[in-house]
Amino acid sequence: MVDLSWTLGHARTLYTHHNSPIPLSTKSGHKTTLPALATSSIPPCRLNPFLFNGHLQTMYTARKDPGPPIYYKRKVFHSDHSVYPGQFAVDFVISKDEGEQQKLDAELPERTTNFTSEEWEAIHTTDTRPMIIALHGLTGGSHEVYLRETLAPLTALGWAACVINGRGCALSKITTPQLFNSRATWDVRQLVRTLRQLFPNRPLYAVGFSLGANILTNYVGEEGASCILRAAVACSNPWNLEICNVALQSTWLGLEIYCRTMGQNMKGLFERHKAQILQNPDIDEDNVRNCRYLFEFDRYIQAPTWGYPTEGAYYRDAQSVDALLGVRIPFLGINAEDDPISSKAAIPFEEFKQNPYAVLCTTNWGGHLGHFQLGGGRWFATAASSFLAKVHDEVDFEASKDAIKASKVDAPSKAYPIFDPTHRRLILPDA
């Protein structure tokens, strides 16, 4: 029998997780699990039937859409990293009333102004509002509609929010030859530490989109049990960058539409920041100008910028598929199986089954950062914000630590061999 449910906009949803997920205690004194929280908070996936496949859903993201009006104040941070100095910009959400009173700045994205020194000095607070940190996709920024659609429901509930912009993105300036990359967790780490100092009582959460989801997963995996965040969501994560690269180059649409478009976006960043980027003697301007596709840009800009011999080495090191195994906070992944950019072949279904802290929600339809609904808006944005709100409202995190400890879910089963998800290597004794 032919399944025609798509004509009504009905997408199929699948949840993948460990057989024994971590036990979580609720504020009402009951027990629950991460999959139970996900399935009870994430609504059925109902999409626009006129955008009936991943290509249409993905290409529809290029249309003009004002999105929810979110206003920001920008703070430029100076990196404390010993190898990759420089600066990065973080945009903090402010109220609509405050935003409408601020003077427009032509050198910043719309609805964004810089903090004055007096405003920044007064930002410290001991309030207990939950706070969400957002990481945008490739060449994006705090202005992206998909990001604002995710933040809007949470800020309407009283959450504080900020967006960390990749170096050189969202009209930010760079002072060193480095743009962002898919492994660039150091700026996120510095921001989280700073937020903990500024807002010592705020529960911190995070959501990442596409490349930002890959960075967020790497960060959470690297932090492991020491992660300050309470929970995180990764939307349209490409997971295995090498597989995604091969998949994109294997079709005409993948190569000539998606790879070319992303490559041109990256070249736009190069043109904006070339004075800084070309200070690196390993970058050949002629090679960069002849780039057409994303993987060529990664070969001639990203690899020499960050110290990789090839773009393949960069992809293998930066991808987050193994880092997922190191995650030790409640973690949700959201992917569409027909995503032409974050390929289904790259989705780590088996890794999710091995990590009791993680749950994966996949739909058979939705594209890349698409999931457009007939009435407007993106389903994945609602799914992510609803999940985070429910986790914050219901989970007693202090009691849950004791429940997880009592369950012995992290008890080591043997000394060797040990798989290190951060360094992606099997650890063996010296002899």
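Helices, along with strands, are taken here as DSSP runs, numbered from the N terminus. The structure is a predicted model. In this model, helix H7 spans residues 211-223 and is followed by Gly224. The phi of Gly224 is positive, near 55°.

Helix H7 contains 13 residues, and the distance from its first C-alpha to its last is 18 Å, close to the 18 Å expected at 1.5 Å a residue. The helix is mostly covered, with 12 of its 13 residues buried. Among these buried residues are Leu211, Ile215, Leu216, Tyr219 and Val220. Gly212, Ala213 and Gly221 are also on the list of buried residues, as are Asn214, Thr217 and Asn218. Glu223 is buried as well.

Side chains of opposite charge can pair when their charged atoms come close. The model has 25 salt bridges. One of them joins Asp80 to Arg193, with the closest N and O atoms 2.9 Å apart. This pair links distant parts of the chain, since Asp80 lies in the loop between strand E4 (71-78) and strand E5 (87-94), Arg193 lies in helix H6 (residues 186-198), and the two are 113 residues apart. Arg193 has a relative accessible area of 37% and is therefore partly exposed.

A second salt bridge is formed between the side chains of Arg299 and Glu311, at 2.8 Å from N to O. Here too the pair links distant parts of the chain: Arg299 belongs to helix H11 (residues 294-306) and Glu311 to helix H12 (residues 311-318), 12 residues apart. Arg299 is partly exposed at 33% relative accessibility, whereas Glu311, with a relative accessible area of 12%, is buried. Salt bridges that share partners also join Arg183, Arg189, Glu222, Glu223 and Asp317 into one network. Of the network members, Glu222 and Glu223 fall within helix H7 (residues 211-223).

A further salt bridge lies within a single helix. The side chains of Arg289 and Glu285 meet at 2.7 Å, N to O. Both residues are in helix H10 (residues 285-289), four residues apart, about one turn of the helix. An α-helix has 3.6 residues a turn, so residues three or four places apart point the same way. Arg289 is partly exposed, at a relative accessible area of 34%, and Glu285 is likewise partly exposed, at 29% relative accessibility.

Definitions and conventions: Residues numbered from 1 in each chain as written. Predicted model: local features only at pLDDT ≥ 70, side-chain atom pairs only at ≥ 80, totals over all residues. Heavy atoms only, no water. Salt bridge = Lys/Arg side-chain N within 4 Å of Asp/Glu carboxyl O. Buried < 20%, exposed > 50% of the residue type's maximum accessible area, 1.4 Å probe, protein only. Expected span 1.5 Å × (residues − 1).
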